[in-house]
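Here's a quick tour of the model you're about to see. Take a look at the fold, then read on for the details.

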Amino acid sequence: MAKYRKTTHSVSELVKKLKGRTSNILQEEYPGLRKQYWGRHFWAIGYGVWSTGVITDEMVQEYLEHHKEMPNSNSDNWILEGE
């Protein structure tokens with residue numbers, strides 16, 4: 001029987017680390033990006049996490065459209081709710 005190690009990290013911590021590391025890797029590989037994004041966020045603030053089975057493609061598209069206009073806004077807590 002396989003043993004699983006209990007994780008002590010939240011999804012938000014993992015996404016933060018993933019964004020940070022990929023930003024660094026991309027900016028090292030493509031130096032022009034470092035100049036373009038100096039002092040600014042490389043990735044948009046926030047992330048989306050869904051479980052399978054309840055979320056439809058339309059719901060994901062609605063979420064993405066909502067965040068397209070103001071991707072770095074922390075002014076609202078927009079939540080998808082299933083029917």
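Let's start with one glutamine: Gln27 sits in helix α1, which covers residues 11–29. Keep in mind that this is a predicted model. Below are some notes on that glutamine, an aromatic pair and the protein as a whole.

**Gln27 and its surroundings**
- Gln27 has a relative accessibility of 11%, so it counts as buried, the cut-off being under 20%.
- The side chain of Gln27 makes a polar contact with the side chain of Ser23, at 2.7 Å.
- Leaving out residues up to four places away in sequence, Gln27 touches Leu33, Arg34 and Phe42.

**The aromatic pair**
- You'll find one aromatic pair in the structure.
- Phe42 and Trp43 make up the pair: their ring centres are 4.9 Å apart and their planes meet at 85°, so it's edge-to-face, given that planes over 60 degrees apart get that label.
- Phe42, which is also on the list of residues touched by Gln27, counts as buried because its relative accessibility is 18%.
- Trp43 comes in at 36% relative accessibility, so it counts as partly exposed.

**The whole protein**
- The protein has three helices and zero strands, and reading along the sequence gives you α-α-α.
- Out of 83 residues, 10% count as buried.
- The protein exposes about 7800 Å², with carbon and sulfur atoms supplying 55% of that area.
- If you take contacts between residues at least 6 apart in sequence, 38% of them join residues at least 24 apart.

Notes
Residues numbered from 1 in each chain as written. Predicted model: local features only at pLDDT ≥ 70, side-chain atom pairs only at ≥ 80, totals over all residues. Heavy atoms only, no water. Phe/Tyr/Trp six-rings, centres within 6.5 Å; stacked < 30°, edge-to-face > 60°. Buried < 20%, exposed > 50% of the residue type's maximum accessible area, 1.4 Å probe, protein only. Helix = DSSP H or I, 4+ residues; strand = E, 2+ residues; numbered from the N terminus. Polar contact = N/O pair within 3.5 Å; in protein donor to acceptor, adjacent residues only side chain to side chain. Contact = heavy atoms within 4.5 Å. Areas by Shrake-Rupley, 256 points an atom, 1.4 Å probe, with all protein chains shown as cover.
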